[in-house]
Amino acid sequence: MPAHSKAAKRYAKAFFDLAQQSGETDNVRADLDSILTLLNNTPELARFMHDYMFPALIRVRTLAELFSGRVSPLTFRFISLVEEKKRCGILGQICVSFADLHDTMLGIVKGRITCPIEFEETDVHTITSYAQTKTKGRLFLST
């Protein structure tokens, strides 16, 4: 996925603030995680989100069939707004930016261990334990 655009970060921040105000941050995060998984696993949907050659009515109906009743009403209204602004092409980036904001709120720090050899699970645990002493949040490392 490309780097987060400024627009994606702005949309994510605005939606995150709204979700916090309405007390739905965790539910919205779950919705957006599911949407991101769907976008990553369905190339046709990802192409559809970027392709504004489809008539607006077809796009709106398709998004309603995909998401209405499957995500919270707040998330569906947000998707509808993103569609109205013709920004569905950055919906995946918005989902990732929202997750980053949510992780920050929860004090979660993520990192990646890169090495030319395969790590044993005990090695990853040892590295994680040591790195945890150097951070203030909860640390999650991936290899």
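Visitor: Where do I start with this chain, and how many helices and strands does the secondary structure come to?

Guide: Start with the element count: the chain has seven helices and two strands. Keep in mind that you are looking at a predicted model. Reading from the N terminus, the order is α-α-α-α-α-α-β-α-β.

Visitor: What share of the 143 residues is buried?

Guide: Buried residues make up 34% of the chain.

Visitor: How should I read the nonpolar core, and which residues have the most contacts inside it?

Guide: The general idea is that in soluble globular proteins, nonpolar side chains tend to be buried together. Here the largest nonpolar core has 28 residues, and Ile35, Met49, Ile94 and Phe98 have the most contacts inside it. Helices α1 (6-22), α2 (25-41), α3 (43-50), α4 (56-67), α5 (73-84) and α6 (91-106) each give two or more residues to this core. The largest share is that of α1, with seven residues.

Visitor: Let's follow one of those. What does Met49 touch, leaving out residues up to four places away in sequence?

Guide: Met49 touches Leu39, Arg59, Leu63, Phe67, Cys88, Gly89 and Leu91. Met49 is also part of two helix contacts: α2 with α3, and α3 with α4.

Visitor: Then let's take helix packing. At what angle do α2 and α3 pack?

Guide: For any helix pair, look at the angle and the axis separation, then at the residues that meet. α2 and α3 pack at about 105°, their axes 5 Å apart. Angles of 65 to 115 degrees count as roughly perpendicular, so α2 is roughly perpendicular to α3. From α2 come Leu38, Leu39 and Asn41, and from α3 come Pro43, Leu45, Ala46 and Met49. By class, this contact of α2 with α3 has six nonpolar residues, one polar and no charged.

Visitor: And α3 against α4: how far apart are their axes?

Guide: The axes of α3 and α4 are 11 Å apart, and the angle is about 140°. That makes α3 oblique to α4. Their crossing is left-handed. Leu45, Phe48 and Met49 of α3 meet Arg59, Thr62, Leu63, Leu66 and Phe67 of α4. That contact of α3 with α4 has six nonpolar residues, one polar and one charged.

Visitor: Why are α2 and α6 called oblique?

Guide: α2 and α6 pack at about 140°, with axes 9 Å apart. Only angles over 145 count as roughly antiparallel, so α2 and α6 are oblique to each other. This crossing, too, is left-handed. On the α2 side, the residues in contact include Thr25, Arg29, Ile35 and Leu39; on the α6 side, they include Leu91, Gly92, Phe98 and Asp103. The contact of α2 with α6 divides into eleven nonpolar, three polar and four charged residues.

Visitor: What about Asn40: is it buried or exposed?

Guide: Asn40 lies in helix α2. With a relative accessibility of 51%, Asn40 counts as exposed. Its C-alpha atom is 8.3 Å from that of Gly92, a residue 52 places away along the chain.

Technical notes. Residues numbered from 1 in each chain as written. Predicted model: local features only at pLDDT ≥ 70, side-chain atom pairs only at ≥ 80, totals over all residues. Heavy atoms only, no water. Core = buried A, V, L, I, M, F, W, Y, C linked by side-chain atoms within 4.5 Å. Buried < 20%, exposed > 50% of the residue type's maximum accessible area, 1.4 Å probe, protein only. Helix = DSSP H or I, 4+ residues; strand = E, 2+ residues; numbered from the N terminus. Contact = heavy atoms within 4.5 Å. Axes fitted to C-alpha atoms, helices over the stretch in contact; angles between N-to-C directions. Parallel < 35°, antiparallel > 145°, perpendicular 65-115°, else oblique. Left-handed = near helix turned anticlockwise from the far one by under 90°. Nonpolar A, V, L, I, M, F, W, Y, C, P; charged D, E, K, R; others polar.
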